[in-house]
Every structure is written in C-alpha cells, then in structure tokens.
Amino acid sequence: MSRLSNFYRRRAPVSGERQPAPALAGMVGVVLRAGLLAALLGQAPAQAALVKLQVSGAQGQPLADAVLMLEPQGARPVVKPLEGIDIAQENRAFLPLVTVVTVGTKVQFPNRDSVRHHVYSFSDARKFELKLYVGKPEKPVSFDKAGVVVLGCNIHDQMVGWVVITDTPWYGKSAANGHLDLADVPAGSYILRTWHAGLPPGSPGIEQAVIVGAAGQTVAVKLGVR
Ligand SMILES: [Cu+2]
C-alpha cells in the first residue's frame, strides 16, 4: 500500500511536467504482449510478486537476525555464489553475528583486533579451522553445502557466530523490527524455512508451507524464542 502511494506521489504531475499517462500505457502494452508471447509458447507468464515476512518470538516480540529462506516445492533455480563476503572479528566478537550466503560462497574472516583469533567450526555443513592469525587469513573459506554452521574461537570461548548456507535465491535476514521483504518471487508453492540463533542448537529451522499468488503474500512466522 505504501509503495503504491509513494509511486503515485512521485508521479503526481507538478506544473510544467508532462502527464505520464502515454508512457504508462505503453508499458502496459509491453507487459500484455510479453504475457501473450509466453502463452503462445506454452509457458506460464513469469509473474513475480512481493512476499512480506514478519518474525516474532514466544512473547510476540519482533525477532531480528532470523534467516528466512523460501524454498520452491518444484525445481529449484541454480543460485550464484555471493562475492565479497566478510565475517570480521572485532572487539572479540564475530561481525556480523549471523551471515546468510548462497551455496558456493567464499567468505573471508579478517581479524580487526590486535589479539590473535583461531576461528573454527565443527558443524556438518562445513568443518574448518583458521589457526591463530591476525589480519586477513591466506585463503577464504568456501561454504558448499546448505545448512547451518556455528563459528567459534579456540582462544575466546565467549565468541560465537553463525553462517546459514542456502540453495534458494529467495532469502534474507529479518531487520530489528522482525520484518523482511522478499521481492520478485514467482507465483507458486514454497516451504518457508526460518532459522534463528535462539532455536535449539542443531535446528535446521522451522518449516511452514506458503503459497505465493500473483498479488504476493504476507506471512507471520512465530518462533518459540524468548
Ligand atoms: Cu578469538
């Protein structure tokens, strides 16, 4: 609703500006022709919609840093690895605390502290260790399998972080208000998987079925996280 009203506000003619109507009419024509072409070729028109997600905890409080992944029930499109992803160590903590990447992404672990860290994971999705280092380790760590990786440091027991690896292109992290928008989601049937650091250790996330229509979808996710 707010997007629509913004759209009209932006397009409202001011004195001297030409009316946008002919350009809009032209765009509608192009969209209709694209749909007709797809129908003639026997394909469903690629309708992509906005999915609005809201994550809350046991007391109804908004949950930040939940990872939401919309997994298609049918064929899954190939995902591209992300570029330039860093998980830093700063003030003896992982930054960011929670990172979500696509399968095949290589992550650098720069140490921005003056003390040495020794980053490791014992998780099935990716076991590794970066032995005592300062600055940038020689090689990035490649995350090639979907799942959840718990990061730790051999020197500082209190350090903990998470990497969630996904093989769907529709994913993200909830904001401080628990909200996440996923854009350009094709209409269809999905499993929405939601993971949060407050779920029991080893949890792959909570699943719920979601149908996305041409007009999009709004989904509330409730986790038993306090
Ligand atoms: Cu450390």
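**Strands, sheet and core in a predicted model**

Gly60 is exposed, because 8 other C-beta atoms lie within 10 Å of its own; here a residue counts as exposed at 12 or fewer such atoms, as buried at 20 or more, and as partly exposed in between, with C-beta atoms placed from the backbone. The structure is a predicted model, in which local features need pLDDT of at least 70 and side-chain atom pairs count only at pLDDT 80 or more, while totals for chains, interfaces and linings use all residues. Numbering starts from 1 along each chain as its sequence is written.

Gly60 sits in the loop between strand 1 (48–56) and strand 2 (67–72); strands are DSSP runs of E with at least two residues, numbered from the N terminus. Its C-alpha atom is separated by 9.4 Å from that of Gly224, 164 residues apart along the chain.

Two strands are taken to pair if DSSP finds at least two bridges between them; strands 1 and 17 do so in the parallel sense over six bridges, and Lys52 stands opposite Thr218 in strand 17.

An antiparallel pairing is found between strand 8 (residues 117–123) and strand 9 (residues 126–133), joined by six bridges. A hairpin of two residues links strand 8 to strand 9, and Phe122 faces Lys127 of strand 9.

What of the largest nonpolar core, and which residues have the most contacts inside it? This core has 38 residues, and Val67, Leu68, Leu70, Val163 and Val164 have the most contacts inside it; a nonpolar core is a set of buried Ala, Val, Leu, Ile, Met, Phe, Trp, Tyr and Cys residues joined through C-beta atoms within 7 Å. Strands supplying at least two residues each include strand 1, strand 2, strand 12 (160–166) and strand 14. Beyond four places in sequence, Val164 is in contact (C-beta atoms within 7 Å) with Val67, Val100, Val148 and Trp195.

As for confidence, pLDDT (the predictor's confidence in each residue, from 0 to 100) averages 85 over the protein, and 80% of the residues score at least 70. Over residues 1–45 pLDDT stays under 50, and the model has seven contacts beyond four places in sequence for them.

Conventions:
Helix = DSSP H or I, 4+ residues; strand = E, 2+ residues; numbered from the N terminus. Contact = placed C-beta atoms within 7 Å.
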